[in-house]
Structures are given as structure tokens and as C-alpha cells.
Amino acid sequence: MMRISILGATGSIGSSTLDLVERDPDRFEVIALTAGSDAARLAAAAIRTNARLAVVADARKLPELRDALAGTGIAVAGGDDAVCDAARLDCDWTMAAIVGCAGLKPAMAALEQGRTVALANKESLVSSGTIMMAAAQRYGATLLPVDSEHNAVFQCLDRTAPRSVSRIILTASGGPFRTTPIEAMRAITPEQAVAHPNWSMGAKISVDSATMMNKGLELIEARHLFPVAPEQLDVIVHRQSVVHSMVEYVDGSVLAQLGTPDMRTPIAYALAWPDRMNTPCERLDLATIGSLDFEAPDHDRFPALRLAKEALVADGARPAILNAANEVAVAAFLARRVGFLEIAAIVADTLDRYDPAAPETLDAVLAIDAEARRIAGERVKDCVA
Ligand code: NAD
Ligand code: MG
């Protein structure tokens, strides 16, 4: 039996992970499940999987969780510290699928146990990749990338010749506004932005895909996960989301991983690694798809991608500021407080107004994150006023 915990069990990635785990109850034992605030959904998942512990980060929801699990024997807890405690509970495999910088401390807590951590939460690597990778090494943890592009790269890496990689090429779908003229982008609504053409995902990452900030965050993520310099990282727009990413080698060979766009494939790879397991994912039918298209990204219509590339090269505190401002701006957009084009503008302004030294500790990252959120929040108020 493989003992697993899922941080962010009620989200899109958490639900896909549960789907795979619940198909094979003889193979997986669920230790802890955590959620942000959806106590009812968390309780239902805990009952279905007979989890040992269910934790809700929003402590106000603890009574609801306790009522829903009364008499089941499943332990309950509430609050951010309880989420980190759940991440520390002994198990074999942890899925880190909390959205945003809120997932940083729980992911670190799991890494510090020297565990195998399947990492979906890209924001934590963007904000503090150097610190996280150092912690993984120090505690002997194994970090498996779940983000489909990074999982693809991980699958294509030739481990017998690690120095022979010349380039990593991340594919981007281009999101729902790949061909939308810039004048029309001003009026984009949250509903339009979260309707991704190929992937079904949580609201925040869907908006990030629509602005292409997602691909920018993924460039920074890739820099930490793989042994390449920023100039060896590229993005290509591929609207079908069939080629999930590519690795180019010094001899000119390019290896790609392909599949239908279903996050259960990369999650299954992380669950079974270094082996593979069956999934119910639809099989790729290239004859029906017919052709695959590729084009260069348009930095004029997608300025978020340019901002992220600048942060990638500058490094230091820049990626943490970029990420924090983006989280604030996307939340404000989803709340209809700012327009779609203002998301990148808020991020750019926050980066202009704040330039602290590179953080060396997790607490320093969290302090930079908090200050960047404050500055971005002021900028949101200016937009609204
Ligand atoms: P989601 O919004 O669907 O789910 C997020 C999960 O985090 C939920 O369980 C929620 O309850 C929990 N959560 C939210 N705020 C929290 C807080 N403050 N404290 C504790 N828990 C909290 O998001 P998602 O689409 O599943 O994405 C999760 C992560 O995976 C993100 O970092 C995203 O970028 C990454 N990712 C997602 C996909 C995808 O297909 N959905 C693909 C690649 C990477
Ligand atoms: Mg991705």
C-alpha cells in the first residue's frame, strides 16, 4: 500500500488525483486531505477514501467539517498551521496542489520530511525556487513535477547524459484569446477568461493562461526544476495542447511528450514514478487531429509573458514580486474590480515600485510576498477609484 496525502484535495488537481486514487483502493491508502474552505466537499472526499485526517485551512469552517465527519472516526483540524501539520504526517507521497503562495509553507513542510512530493503548486517554486530546491536536496526529498509541461520535460530528460540538454521548449496553448485583437481584450469578462479551450482548471490558473502569465511562471518553474540557464528556455504556442513540451539536445535531437490534454496523465506519472500506471485518459488519435500547429508567442498582446521573462533573468526577489502582484491582480479581476488588461499593468507597476534584495530564507520570501501584495492592492484601489 502506498500512503498518500493530498494538499488542496478539493481543487481541480486534487480532484483528478482523487479520481486516480479511488480507482485503485487496494494500492493507495489516504492519510490526509486538506482544503481551503470547502468543508462539505472535503468531508465527502474523506469519507469516500476513508482518510485518516481532514483539514480545512479556513478555521471558521472547522465546525462544519466536524459535523460532517462526526461518527466516521476521521480526525479533523482547522487553520493554516494544521495544514502544515497535515503535510508533515508520515506518508509515502504528497500531492502539493494548493493554489498560490498559500501553498508554499505546506509544500516546504512536506519536503522537509524528505518525502516524495508531487508538485502542482507552481507559485511556490516561482516565489522561492532556490530555497525549495535547496531544502529538497538537504532533506533528501524527491520533487516530481506535475505541471503538464514540466512533467513532459521530466519524461523527456535523458538521465544518462544530463549535460547534453541544449534547450527546453515549453508549449503554450495561447489560451482563449490567442487571436483576440488587443482592442477587444479590454472588455474580456472573468467568464470568458476562465473558459479555457483545451484544459479544465481552477479559476486562477485559467486566468493566468488567458494572460499567458502562466507560461511565464512556468519558465521560472522550469529554471528551478531543470539544469538549464534562462537563455536555454523557450516558449512556443501550440494551440492543440497535444505536444506538452520538448527537450532539445546538443546533437539536434528533440524529444517531446504527447497526449490528450488531461492532467490525470502527468499526475499518474508522478503517482507511479519510476513505473507507470493505467489511466482512463482518452488515447491520442493523431489521424483525427490531422495537424499540429506552432507559432511564436506575441509579447505585445501578452505583456505578462515579457514581465515574467524579465523576472526570470533578473531573479532575486523579482519572481516573488511578480507572483504576488499577479495573485492580487487576478483575484481583483475575478472579483470584477479591474479589467483584463490591468492585470499585467498592476504587475508591472508593482515591480517598478518595489525592488528589495534577494531573499535568503522562507520568512524573507513571505515578507516580500506580503509587501508586494500590499503595493499591488493599493494599485487595485487606484483602478477602482
Ligand atoms: P483550484 O483552485 O481548483 O484548487 C486549489 C486548491 O487549493 C483547493 O483545494 C483549495 O481549497 C485550496 N486552497 C485555496 N486557497 C487555500 C489556502 N489559502 N490555504 C489552503 N488551501 C487553499 O486550483 P487548481 O487548478 O487545482 O491548481 C492548483 C495548483 O496547481 C495551482 O498552483 C496551479 O497553478 C497548479 N496547476 C494546475 C493545473 C490544472 O490543470 N488545474 C495544471 C498545472 C498546474
Ligand atoms: Mg502547465
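## Close-up views of a predicted model

Glu218 is buried, since 28 other C-beta atoms lie within 10 Å of its own. Keep in mind throughout that this is a predicted model.

View 1. Glu218 sits in helix α11. Leave out residues up to four places away in sequence, and Glu218 touches Lys122, Asp147, Glu149 and Leu170.

View 2. Glu149 belongs to helix α7, residues 148-156. Is Glu149 buried or exposed? With 27 other C-beta atoms within 10 Å, Glu149 is buried, because 20 or more is what it takes. Setting aside neighbours within four places in sequence, Glu149 makes contact with Leu170, Thr171, Glu218, His244 and Ser245. Leu170 is also on the contact list of Glu218.

View 3. How many of the residues of α11 are buried? The count is 13 of the 13, so α11 is largely enclosed by the rest of the structure.

**View 4. The shell around ligand 1.** There are 27 residues around ligand 1, and Gly8, Gly11, Gly36, Met201 and Gly202 come nearest. The elements that give two or more residues to this shell are α1 (12-22), α6 (122-138) and α10 (203-211). Which element gives the largest share of the shell? That is α1, with three residues. By type, the shell residues split into 14 nonpolar, eight polar and five charged.

**View 5. Lys61, in a loop.** Lys61 is found in the loop between β3 (53-56) and α3 (62-69). Its count of other C-beta atoms within 10 Å is 19, so Lys61 is partly exposed; buried would need 20 or more. Beyond its neighbours within four places in sequence, Lys61 is in contact with Ser37, Ala39, Val56 and Gly78. Ala77 lies 16 residues from Lys61 in sequence and 9.8 Å from it in space, C-alpha to C-alpha.

View 6. Helix α12 covers residues 264-272 and is mostly covered itself, with eight of its nine residues buried. Arg264, Pro266, Tyr269 and Leu271 are among those buried residues. What do the buried residues of α12 pack against? Their partners are α1, β5 (93-96), β6 (116-119), β7 (142-145) and α7. Pro274 is placed in the loop between α12 and α13 (286-289).

**View 7. Two residues with positive phi.** Asp315 has a phi near 55°, a positive value in a residue other than glycine. It lies in the loop between α14 (303-314) and α15 (318-334). Asp315 counts as partly exposed, with 14 C-beta neighbours inside 10 Å. Arg336 also is not glycine and has a positive phi, near 60°. Look for Arg336 in the loop between α15 and α16 (340-353). With 10 C-beta neighbours inside 10 Å, Arg336 counts as exposed.

View 8. The protein chain has 17 helices and 11 strands. Its radius of gyration is 20 Å, close to the 21 Å that the globule rule gives for 385 residues, so the chain is as compact as a globular protein of that length. UniProt, in an unreviewed entry, puts "domain: 1-deoxy-D-xylulose 5-phosphate reductoisomerase N-terminal" at residues 4-129; this span is 44% helix and 22% strand. The record's "domain: DXP reductoisomerase C-terminal", also from an unreviewed entry, takes in residues 258-374, a span with 59% helix and 1% strand.

Technical notes. Residues are numbered from 1 along each chain as its sequence is written. Chains are lettered from A and ligands numbered from 1 in the order in which they are written. This is a predicted model: local features need pLDDT of at least 70, side-chain atom pairs count only at pLDDT 80 or more; totals for chains, interfaces and linings use all residues. A residue is buried if 20 or more other C-beta atoms lie within 10 Å of its own, exposed if 12 or fewer, and partly exposed in between; C-beta atoms are placed from the backbone. Helices (H or I, at least four residues) and strands (E, at least two) are DSSP runs, numbered from the N terminus. Two residues are in contact if their C-beta atoms, placed from the backbone, lie within 7 Å. A residue is near a molecule or strand if its C-beta atom, placed from the backbone, lies within 6 Å of it. Ala, Val, Leu, Ile, Met, Phe, Trp, Tyr, Cys and Pro count as nonpolar, Asp, Glu, Lys and Arg as charged, and the others, Gly among them, as polar. UniProt positions are given in the numbering used here, feature names are shortened, and annotations may be inferred rather than shown by experiment. The radius of gyration is taken over C-alpha atoms; the globule rule is 2.2 Å times the number of residues to the power 0.38.
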